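I set out to look up a helix pair, a pocket and a few loop residues. My notes follow in the order I took them.

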Amino acid sequence: MPYLKPSLLSKIILAILFAAIIVGTIYSTMVYAVVQSDRSTVDRQDSLVALVVDKMQASVEHDQESATVWDDAVTKVAEGDREWMAANLGRWMNSYFGHDAAFVMGPADQLVYGFSATNANEEDAFAPVASEAHRLVKKLRERLAIGDTVGVSDRSLSIGESDIVKINNRPTILSAKPIVSDSGEIAVDERHQFVHVALRYLDGDFAKTLASEYLFNDLRFEWEKDGQTARSVFPLTSRSGQILGYFTWVPFRPGTEVLRATEPVLAVGGLLVLAAMSAFVLLLQRRSSRLLESQNRLQHLAHHDALSGLPNRAAFNAAVEKTLANSQAAVLFVDLDRFKNVNDTLGHPVGDKLISEVGRRLRSAVGTGVLVARIGGDEFTIVIPDPEMGRVEKLAADIVAAIRSPFEIDGQPILIGASIGIAVSSSGADAQDLIRRADIALYHAKGAGRNQFAIFGPHMDELIRTRRDLERDLRTALQTGDEIAVHYQPIYASNARLTGVEALTRWRHPIKGLVQPDIFISIAEEAGLIERLGELVMTTALTDAKNWPELVVAVNASPLELRSETYALRVMSLLNKLEFDPHRLEIEITESAVLENEDACRRNIRALREIGVQFALDDFGTGFSSFGRLQKLDVDRIKIDRCFVGEYGKPGSNVAIVQAIIELAHAGGMRATAEGIETPEQQAWLINAGCDELQGFLLSRPIAAAEIEHLRSVAFHKGGGAAS
């Protein structure tokens, strides 16, 4: 070895020491960073397991309410209808929600019905569950007895008892829910209370799903700790604090993996320290970014709606409170009209796409600086800071117009609407009170006819109560049938011959007097009473019209009735029961019914036309129908809306439009009827234009059935009416 000068040797040693210090410092820093990173990651995974288990327990309770809060459930369970219970309270819970077992317990805690995905014998399936089920049901009945409502909210409609227990030597979520009325009309006391018990195992499929969806390595359930310090452990505890077992998994340690990957590089020497350090920083940054991205994604999911991407209810409530802390605010509740019909008729996938499209339109309509949220179902909310009433009203009108414009989903045109409730904060306003006011205003907007907005005022609380009272009274009126009457407006041919009558519903309230149809019909639609009302009106009209053998009787059909798959069958049954000639019945439908569910509408029309029933399209020209759709529906008559007739003689009148509608009808082999004729000039104009039938106050107001006998022998005179 050649002799090295001390200065050179010192420099080499110093360089080596310096490199060693740098490498040692870097390595020590890396080890510290690895420990901290791994610890943070393990803590996040522990928290994630706890969150998922809690959400699954809440989900089981929420799933039950899809069938336990239901008038039909109360009735069918009390009747002991096992086939219904199997379809809705047993197999449905397994096939749709993944519950492993479900049981119905009677008022004396006896087993009424049982279902198990693994045991066909319900008694054998219930035996290992019985002890824990009776414990939960006993607690639930004690709460029901004292009227305890703790836990009831917008999301949870009834109280319940749930726990994590050991059943069949498996960790299990067990939940008990009372079977109660959703309308509130069926009262169930403690002595007759049935209880639904649902069971979901936490090992097996649940553990596999948890491992695959959240990337847990070798996750499994164990009754005892295996003593392996290399595995993370999460204790599964019951409500009493008893540890039932443990979820264990190999924790994700990104820092350790990075360190092991970089140790060979560090061994190369001081010359590669900077390169190794840069590589380490880059790898660590990538791992950290991935973890941060995952955390941000979970955070986003916790505060946003997965379907529309909009903020959810929690984020909306927080936004209202934050806005009120700094300024005044306006809250808009937006509810989609007729959205349920889309889900029922076109399917939930189309409904989901429609929700996403509505979210995009709302974001486009409100612009920047305004929060749009989806709080569930077809309900959206908007928070506007520092509101100016003119701007708020214009925004509401823009939203109504945007949602009314037809959507096209998978080539299917869909027409819905939007009702909006608006509440503007005052000094010292509370967030929850502001939200409640907007909700009340929304109810008012829907009650006023939909496709419009309403601003909260102090009078609305009273209006809501009044509307609820009307709904209750309408139910009573439909049960007795004494207050609901049918009047008839005559329809004349252009040659002055009486050809038919249109049946119009009247409700004479014993206290409030005559309630307008636009009020009580909308109430009937919202309360699920429209089919009962429609059947009462048609029964009365057909019974009366049997005395007028030469006249056609026209009866209006609600869009809700027409989209029902059983509508045609119910009409046929009524015709047979009353022995009424189907050729003398004409059913009037609206363009909105056509657009909402063309397939169901066409099927009902086809079935009834085959036996001779006629159809008329009411209020033609005020919606979105096309002549192509009319040809598909094959209606017999078009009714020209009164808004076109009433403009006759005024500047910019609709003379050409009316003439075109009449020619359109005749070209398609249909008749044309004009509504709302109030002057002799309108009558003469329409006769000269070729209109087939005429209807309006000039010719006759709606009259009682007894007065039709007189009109059967009296025709109207050109230039004047026969009855007033």
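**Entry 1: a helix pair.** I am working from a predicted model. I began with helix 11, residues 348–366, and helix 12, residues 389–404. Their axes come within 10 Å. I read a crossing angle of roughly 150°. The crossing of helix 11 with helix 12 is right-handed.

Next I asked which residues of helix 11 and helix 12 meet. From helix 11 I listed Val 358, Arg 361, Leu 362, Ala 365 and Val 366. Helix 12 answers with Leu 395, Ile 399, Ala 402 and Ile 403. I then sorted this contact by class: eight residues are nonpolar, none is polar and one is charged. Arg counts as charged, so the charged class takes in Arg 361 of helix 11.

**Entry 2: the second largest pocket.** I looked up its volume and got about 270 Å³. Its lining consists of Asp 154, Arg 313, Asn 317, Phe 333, Ile 375, Glu 379, Gln 432, Ile 435, Arg 436 and Asp 439. By class I noted five charged, three nonpolar and two polar residues in this lining.

Which helix gives the most to the lining of this pocket? I found helix 13, with four residues. Helix 13 spans 431–447, and helix 9 spans 313–326. Each of the two supplies at least two residues of the lining.

**Entry 3: aspartates in loops.** I checked Asp 109 first. I placed Asp 109 in the loop between strand 1 (101–105) and strand 2 (111–116). Its phi is near 65°, a positive value in a residue other than glycine.

Asp 386 came next. I located Asp 386 in the loop between strand 11 (379–385) and helix 12. Phi of Asp 386 is also positive, near 45°. Its relative accessibility is 54%, so I marked Asp 386 as exposed, the cut-off being over 50%.

I found Asp 482 in the loop between helix 14 (459–480) and strand 16 (484–493). At a relative accessible area of 67%, Asp 482 is exposed. I also looked up its C-alpha distance to Arg 508 and read 9.0 Å. Along the chain, Asp 482 and Arg 508 are 26 residues apart.

Technical notes
Residues numbered from 1 in each chain as written. Predicted model: local features only at pLDDT ≥ 70, side-chain atom pairs only at ≥ 80, totals over all residues. Heavy atoms only, no water. 1 Å grid on protein atoms, 1.4 Å probe; cavity = no way out; pocket = protein on both sides within 12 Å on 5 of 7 lines; lining within 4 Å. Points joined across faces, edges and corners; volume = space filled by probe spheres on them. Axes fitted to C-alpha atoms, helices over the stretch in contact; angles between N-to-C directions. Left-handed = near helix turned anticlockwise from the far one by under 90°. Contact = heavy atoms within 4.5 Å. Buried < 20%, exposed > 50% of the residue type's maximum accessible area, 1.4 Å probe, protein only.
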